[in-house]
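Please look over the sequence and the model before reading on.

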Amino acid sequence: MNNYIPYGKHYISNDDIDAVITALKSEYITQGKFVPLFERAIAEKVDSSFAVAVNSATSALHISCLALGLKQGDIAWTSPNTFVASANCAKYCGADIDFVDIDPSNGLMCPNELEKKLQKANKENRLPKILIVVHLCGTSCEMDKIYKLSKKYNFLIIEDASHAIGASFDSQSIGNCRYSSITVFSFHPVKIITTGEGGVATTNDKRLAMRMASFRSHGVTKAQSLLQKNTTAPWYYEQQSLGFNYRLTDIQAALGISQLKRLDAILSERNRLFTNYQNLLLDLPVDLLQSPKRSKSSFHLAIIRLRNRSSSFHQMVFEYLRTKGIGVQLHYLPVHLHPYYRKLGFKEGDFPEAERYATNAISLPIYPGLKDAEQMKVIDVLTKGIDRYK
Ligand SMILES: *Cc1c(COP(=O)(O)O)cnc(C)c1O
């Protein structure tokens, strides 16, 4: 479709293309120098001690859970308002998953709901080992409150910051792991910056970084200091745990390094587009999800909620936008209502705020390269759609 406006889109510059060509012409196109350079650049940008780059955020979430020792018999909790990967990572480890309902004003995990659920779980001896928080739209959850609860109830925190590179909370970079063990970012093409496919896990704990690096590459090590057998044989290496091939290529890392250089410009453009929406939507019966004052968002998504709470209205407006060439999306279908999770025992009514949210939320297009005229078209079509079906 010619005039189709997607909800998100990658942006590749000539510098990006040159960087990839340089990587392609270098001696190693995987396990070369660009991956460590990318990792260092990410760690510097988000203010963490370590960064472990992998082939997706899903892989990063998986090795994060493994590095923190999540296993069968353990429980992890996450938000129902997220992409399935935030929950699947616990299932990969054989652990049980459960969810904490959202705050309807911002779509994020609600700290009060979390506290209530922890009190109950404590009585039942069913406390989670790991909590995976999700910074929806690039807006940070209330991490200080959640961190306090983690100390009281003794659980570990992973931040799924797939949407949130460049964002901050109380002027602290998301990814600096002030309130968590590990933070994960995604470099899928619809996210803030891209490597085609790719992800990274940041941490300040050297032991965790080393474990994740090992899981990324079959659980194999060649480092003399880590070997169990005392040998100087030059061919020798050891597989010490059951790892995977989750490696990022140097071609991808070179693209990531180049994209990361533009992060600040990308964020300010997203901020500008979001502010446009804020002004253009003032007279419409919709509420744009806001980021709390303490959180500086990366504006990965611009999500509106229709004030008319009928789900048939939602579907009609949604379809109208799609047929007029506006690639709106729903972020997200509640994870617990997917057939796989229903089979585990979850059902409608388990997380009512997340379920209600899914009956009136719409993600509008937002990405660098979206033209002002296209944004006006989005508003125009949305206005007509709302008028038509109200
Ligand atoms: C995109 C996304 C993921 C998965 O990222 P991949 O890099 O595609 O594996 C996980 N969690 C959230 C919240 C996401 O938006």
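In this model, which is predicted rather than determined by experiment, the chain holds 13 helices and 15 strands. For a chain of 390 residues, a compact globule would have a radius of gyration near 21 Å, and because the chain has 22 Å, its value agrees with that expectation. The C-alpha trace of the chain spans about 75 × 60 × 35 Å along its principal axes. Of the 390 residues, 54% count as buried, and among the contacts in the chain with a separation of 6 or more, 71% are accounted for by residues 24 or more positions apart.

Helix 1, which covers residues 14–24, packs with helix 8, which covers residues 250–261, at an angle of about 150°, and their axes are 8 Å apart. Since angles over 145 degrees count as roughly antiparallel, this angle makes helix 1 roughly antiparallel to helix 8. The crossing in which helix 1 passes helix 8 is right-handed.

| Helix | Residues in the contact |
|---|---|
| Helix 1 | D15, D16, A19, V20, A23 and L24 |
| Helix 8 | D250, I251, A254, L255, S258 and Q259 |

Sorted by class, the contact of helix 1 with helix 8 has 7 nonpolar, 2 polar and 3 charged residues.

Key
Residues numbered from 1 in each chain as written. Predicted model: local features only at pLDDT ≥ 70, side-chain atom pairs only at ≥ 80, totals over all residues. Heavy atoms only, no water. Axes fitted to C-alpha atoms, helices over the stretch in contact; angles between N-to-C directions. Helix = DSSP H or I, 4+ residues; strand = E, 2+ residues; numbered from the N terminus. Parallel < 35°, antiparallel > 145°, perpendicular 65-115°, else oblique. Left-handed = near helix turned anticlockwise from the far one by under 90°. Contact = heavy atoms within 4.5 Å. Nonpolar A, V, L, I, M, F, W, Y, C, P; charged D, E, K, R; others polar. Rg over C-alpha atoms; globule rule 2.2 N^0.38 Å. Buried < 20%, exposed > 50% of the residue type's maximum accessible area, 1.4 Å probe, protein only.
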